Amino acid sequence: MTQSYTITNMLAGLGRMAISPVQEFGRVAIFFFRGVIYLFSFPLQADKIIDQVYFIGTKSVFVICLTGAFTGMVLGLQGYYTLVKFGSEGLLGAAVALSLIREMGPVLAAIMIVARAGSAMAAEIGIMRISEQIDALETMDINPVRFLFSPRLGAALISFPFLTAIFDVVGIIGGYVTGSLLLGINSGLYFSRVESSVLMEDINGGFAKSFCFAAIVVTICCYQGYTTHLRKEGFGAKGVSLSTTSAVVLSCVMILVADYVLTSFLL
Amino acid sequence: MTVPLIEFNQVFKRFGDNAVLKGVDLSIYQGQVTAIIGKSGIGKSVLLKHIIGLLEPDQGEIRFQGQAINAMPAVARRAVKMKFSYMFQGTALFDSMTIYENVALPLKEKGQVPFREIQRRVRDKLAQLDLAGIEDKYPSQLSGGMKKRVAMARALVTDPEIVLFDEPTTGLDPIRKNTAHAMIAQYQKTFGFTGVMVSHEIPDVFYICQRIAMLDQGRIIFQGSPAEIQNSTEPAIRQFIRGQDPEATQAALSER
């Protein structure tokens, strides 16, 4: 009798473990769709979107340039010493540009934005949740999802492609610095290879990825902050710290998962 | 007999193993200020949050003008909610916004009040609460008492029909406490709003409230006029309004 109860409990536990992530995914999806609907509902929140574009976009330009430059420089170095073995160092421009535009630009730019803006979003909304500011919005008949999430979503959809484009351009220049200025590849050859190898569909693919990453990052980060009070592992300040950590880790993992899925469709 | 504006009918609420409300029956009448009194941590704020829908009862119903709120369609429920304003115990001011932005937010977000009218109403409300000149400051730059008054200004700026005050004067000095109480009483007379106030300010609440309800051990053990509660012979009520704790008194006497 006791043994059958133990087996039943184990099965129930397994069932809960399987259902819980599905439920959570459903909640995140509903949160996202509500955000999208409120983004286009009147009155439009243009002023809030502009504020968030400044926070997510403008304030991230420096870190994007810095990481883009060094990523391009490393690609230039690695690419040169690999290609020179086959006597094809002239293709360095194409290798750097395609790596950046197709893969590294969207992914690394998104990860840098998670680190700079995503964590801040999760912490800010989490603190608003634990200090009853979100409850206050509800009592004023202000929809918290519309007020907090939709402008961030709109701003991210605008900012991510621009930041990705900046990352790509700065990265290509970084590759030029190491490939041409330091290692001696002809400058004209480097840029002509960039021009001849990059197709419009590569650029479109990169932008498509950055749009998807924008939606993923902002949804995960805002959702983690918004549901801080529901965390069972910690309350108050600890809950906010856990939400922020989860937001960053989950966003980075989901960027890489989504990158694989999108690449398999785009290729 | 008059139909209560808000009515609790056998409301139960539990958080995990902690049963907070154990069958609350309470009537709140239009045009009156009702004070909810009771010991700290007894569930007064939980009760107040049920009125505005921040918490849902596990069992029982809350009626607004005779209709169960949780059975109303979403549109009607929203229309009811728009009649309310809530002043939080912990103020719940938006710490990344200035004081002006905090008080203006409920007007601005509706998008129906012109910009100049918002400015006028916010400045008037701040001036009435002795807060003029702090419009550009942030909540973290204010004292606890000032934050309370800003929260009160935000609750009253929309001229709501029903205002829920969660300990509106805790932490204020005696002069400002009296000013806040006088303002609530004066506003109530001028605009005729219905107020529900969680408060420990005894006997002050007896002078500004028309009705008192006492929550004890998850139930409303008294509801009636201030005169009635002051004449009550119920030991738990007498001890509470006189600030007497029989166990503590006994312990102090035995130590002597």
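Modeller: Two strands count as paired if DSSP finds at least two bridges between them. The model discussed here is predicted.

Biologist: Which residue of β2(B) does K13(B) stand opposite?

Modeller: Strands β1(B) and β2(B) are paired in the antiparallel sense, over eight bridges. Within this pair, the residue of β2(B) that stands opposite K13(B) is L21(B).

Biologist: Which residue in the hairpin of β1(B) and β2(B) takes a positive phi?

Modeller: The hairpin has two residues between its strands. A positive phi near 65° is taken there by G16(B).

Biologist: Which are the edge strands of the open sheet in chain B?

Modeller: Four strands of chain B form this sheet, with antiparallel pairing and the order β2-β1-β4-β5. An edge strand pairs on one side only.

Biologist: What is the bridge partner of R63(B) in β5(B)?

Modeller: Strand β4(B) covers residues 59-64. It pairs with β5(B) in the antiparallel sense over two bridges. In β5(B), the bridge partner of R63(B) is A68(B).

Biologist: What angle does the direction of helix α1 of chain B make with that of β1(B)?

Modeller: Helix α1(B), residues 44-52, packs on the sheet. The strands of chain B that the helix touches are β1 (6-15), β2 and β4. Its direction and that of β1(B) make an angle of about 120°.

Biologist: Is T34(B) buried or exposed?

Modeller: T34(B) belongs to strand β3 of chain B, residues 33-37. Leaving aside neighbours within four places in sequence, T34(B) is in contact with I28(B), G195(B), V196(B), M197(B) and R211(B). Because its relative accessibility is 1% and the cut-off is under 20%, T34(B) counts as buried.

Biologist: What relative accessible area does S85(B) have?

Modeller: S85(B) is in strand β6 of chain B, residues 84-87. Not counting residues up to four places away in sequence, S85(B) touches R154(B), A155(B), T158(B), P160(B), I162(B), V163(B) and L164(B). S85(B) is buried, and its relative accessible area is 7%.

Biologist: Turning to chain A, how many helices does its secondary structure have?

Modeller: Chain A has zero strands. From the N terminus on, its elements run α-α-α-α-α-α-α-α-α. The number of helices in chain A is nine.

Biologist: What percentage of the residues in chain A are buried?

Modeller: The C-alpha atoms of chain A fill a box of roughly 75 × 55 × 30 Å along the principal axes. Among contacts in this chain between residues at least 6 apart in sequence, 83% join residues at least 24 apart. Of its 267 residues, the buried share is 46%.

Biologist: Which element gives the most to the lining of the second largest pocket?

Modeller: The second largest pocket holds about 730 Å³ of space. Of its 29 lining residues, K48(A), D51(A), F147(A), M97(B) and K108(B) are the closest to the centre. Two or more lining residues come from each of α2 (46-57), α4 (92-130) and α6 (144-182) of chain A, and from α3 (99-110) and α4 (115-128) of chain B. The element that gives the most, with seven residues, is α3(B).

Biologist: How many nonpolar residues does the lining of the second largest pocket have?

Modeller: By class, four of the lining residues are polar and eight are charged. The number of nonpolar residues in the lining is 17.

Key. Residues numbered from 1 in each chain as written. Chains lettered and ligands numbered in written order. Predicted model: local features only at pLDDT ≥ 70, side-chain atom pairs only at ≥ 80, totals over all residues. Heavy atoms only, no water. 1 Å grid on protein atoms, 1.4 Å probe; cavity = no way out; pocket = protein on both sides within 12 Å on 5 of 7 lines; lining within 4 Å. Points joined across faces, edges and corners; volume = space filled by probe spheres on them. Nonpolar A, V, L, I, M, F, W, Y, C, P; charged D, E, K, R; others polar. Contact = heavy atoms within 4.5 Å. Axes fitted to C-alpha atoms, helices over the stretch in contact; angles between N-to-C directions. Buried < 20%, exposed > 50% of the residue type's maximum accessible area, 1.4 Å probe, protein only.
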